[in-house]
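Me: I would like a close look at one part of this model, namely its aromatic ring pairs. Please keep the answer connected and plain.

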Amino acid sequence: MAYSKIRIEFITVPAENSVLQFTDTSFGTPLVMREVFKTTRTTSMQAKLPRKTGSFYHEYMPYNYRDAFVLDYNFFGYFTNVVTRGSTGTGTGSIEITATYPGAQFQLIEKPEGVNVVITNEDVAPIFEFVSAGYSTASSPQTHVRLNVETSVLATKIVSPVVANNTDNPFYLDLIRGSSGWLNLEDANGNDIGTFYKMPDVLDPANFSININATPFGGTVTITEKNITDLVLEYSLDNIDFQSENIFSGLLVDDYTLYIRDSYGAQIQMTFSITEFGIQTPYFYISESNSIRFANRVNWGDAANYKNDENTLGCEVEVGIPYCGCQRFKSANVITTQFKSNYETNTVTIIKEDGTAVNVPVVKKSNNIGVRDKRDAFKYSLGNGKVGIYFIEGNIYDYETNAITGTHTLNGTLPEWAIAGGYVNIGSAWFTIDEIYYDETKGADVIVYAENYSGAEISVVVGSIYNTFNFEIYEFVIDMVDYLNQKIQVKIENTDAVFEPVTHLSEKLEIAVNFPKNVEIYYWNDDNTDVFYATGIRHLINVALTKEEGVVDEESEAYKTDTTAILLSAQLHKMKKFTFEPQSEGIWWKMMVALSHKNVFINGVQYVKNGNFETEGALDDSNLYVLKATMLKTGIVYNADSATGDDFNTSSIEIPGLIETEIGFLEY
């Protein structure tokens, strides 16, 4: 092998204190070789000029320089020296310095006059070192990872972890996941190098946990890894489409298989289930305060679905003689019916006597289910896998488009949806609210939920879809004039992808211009009870009357002596006792419900219930009942203490078809 060399030719004797300097740049820190020429002989490690004796020089420059160079730089024999002498006594000649190791790279820095320097650097032999090391998929990826190594010179021997001869560069070793140790190599010249390796972790299901939040808007699953620091992971629910994000949202109730794979070919799978979310209990309620009576349609059986008051019409009760009468409505009546439901689809149809059906529009009157809210908040770590959210001020956003719709200034309070057990949405994930607590350091109420977050406090946009109530309020209107001189029934059908369908059918309704011996009862409550009266709904029924009697409710006090009696006070309240024609049990009950409302108008005159109802029945072996109701007329009172003794009559003048209420005159 040829090695680098430098040839120094002394043409003339160098001048006093002149310098020859060159370096070898192959060292980590270049080796600097520097000599200073003197005119006197010394014992220092420097070159000496020949001392003058008479008129000629009797020393030789090349030898002197060689001796000084050997003393200063060649203690370990890194160089060889070849000297040639010029004319005797002239100090001329040359010295050739040759490296004894590969890769030397000489570079001239400075030389004196009269000295010529020739440098010959041979091709540098590569140093035995690591060029690269990385990982890839092994032949058994579940248990091993491939270590790929490239060196500058062929590593002919792998000393550890596996003793073997090697002819490849780069080469690879399939090593056990999670293992570590030293990789030691040798080249053909016996040079050795080594490096420490740590193989990627084992992909083990035990190192993963699945957190499931079953929200009303689909399940959210968050996968958390532990004891894994050096794997790039991807997740899938179908083993086809993989994602790097560890969250899946909007999952329906079902059983799932989670697939997890890493970049080195290993894959595991885990199972989980979304058991339930959202509104799991179907809800349908139609108040008996409504004008029309309905019964739930079921298949009656011997061991289930027994007949009861809620699922039978008048003609379906199990008595000897079931009465099949009709509810009566005048053609001038416009009847509104209200029900509450959380079913997806609510359909109302009118069934005529000939079997044809007419659809009736159903109008949603509330916004209770799926109320949406999205606004700025702050998120910070609480440690132990818990995160806090609080609100100060910021923007309010459209839930779907994220457009700014306004601003909020909650100043530490929480939105109405923020309750323990509720749900919060951040990004694409839903989380269950574990608790609410007051953080004195933030001066705010804080939503707490489970998430592995350890970063700094950040601003986030927080949303929620929540239910004020687990039902919506619906109404439909029937103008009875459209069915004059007909008998009809009303059917309400409620269907949903999750719940079993329910159907309600009304009693038969008879429509005419008027009915003999009929009274019209118009009624409602002032407050929202089982009916949401804020929509303006009012109820009405027409009932045949057998007898109407005037009765009185009186109170008096008199002062009595042996010779005289003096009336101190007396009050007379005018009342009516109504005896209604026999009705089926369902209508009998509806009449009592109607007459028990706060606002009751019978044929346009306002009454309030006075005392208990009287009932006769059931009559014989039928389902008929006779109701007697004593009703106190409002605003009619005679008071003996009155200055005038007149009636205090604050009732309205009766105008056919109109009544006066607190909101004005209403048509009935």
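How many aromatic pairs does a search of the whole structure find, and how are the rings of Phe69 and Phe79 placed?

Reply: The model is a predicted one, and a search of the whole structure finds 32 aromatic pairs. In the pair formed by Phe69 and Phe79, the ring centres are 5.6 Å apart and the planes stand at 70°, so the pair is edge-to-face. An angle over 60 degrees is what puts a pair in that class. This pair links distant parts of the chain, 10 residues apart: Phe69 belongs to helix 1 (residues 61–73) and Phe79 to strand 6 (residues 79–85). Phe69 has a relative accessible area of 0% and is buried. Phe79 is also buried, at 4% relative accessibility.

A second pair joins Tyr343 and Phe499; its planes are at 75° and its centres 5.4 Å apart, so this pair is edge-to-face as well. Tyr343 sits in the loop between strand 26 (334–341) and strand 27 (345–351), while Phe499 sits in the loop between strand 40 (487–495) and strand 41 (502–506), so the pair ties together parts that are 156 residues apart in sequence. Tyr343 is buried, with a relative accessible area of 5%, and Phe499 counts as buried at 9%.

To return to Phe69 and Phe79, both belong to a cluster linked by ring pairs.

How values were computed
Residues are numbered from 1 along each chain as its sequence is written. This is a predicted model: local features need pLDDT of at least 70, side-chain atom pairs count only at pLDDT 80 or more; totals for chains, interfaces and linings use all residues. Side-chain values use heavy atoms; hydrogens and water are left out. Rings of Phe, Tyr and Trp (its six-membered ring) pair if their centres lie within 6.5 Å; planes under 30 degrees apart count as stacked, over 60 as edge-to-face and the rest as tilted. Helices (H or I, at least four residues) and strands (E, at least two) are DSSP runs, numbered from the N terminus. Buried means under 20% relative accessible area, exposed over 50%, partly exposed in between (1.4 Å probe, protein chains only).
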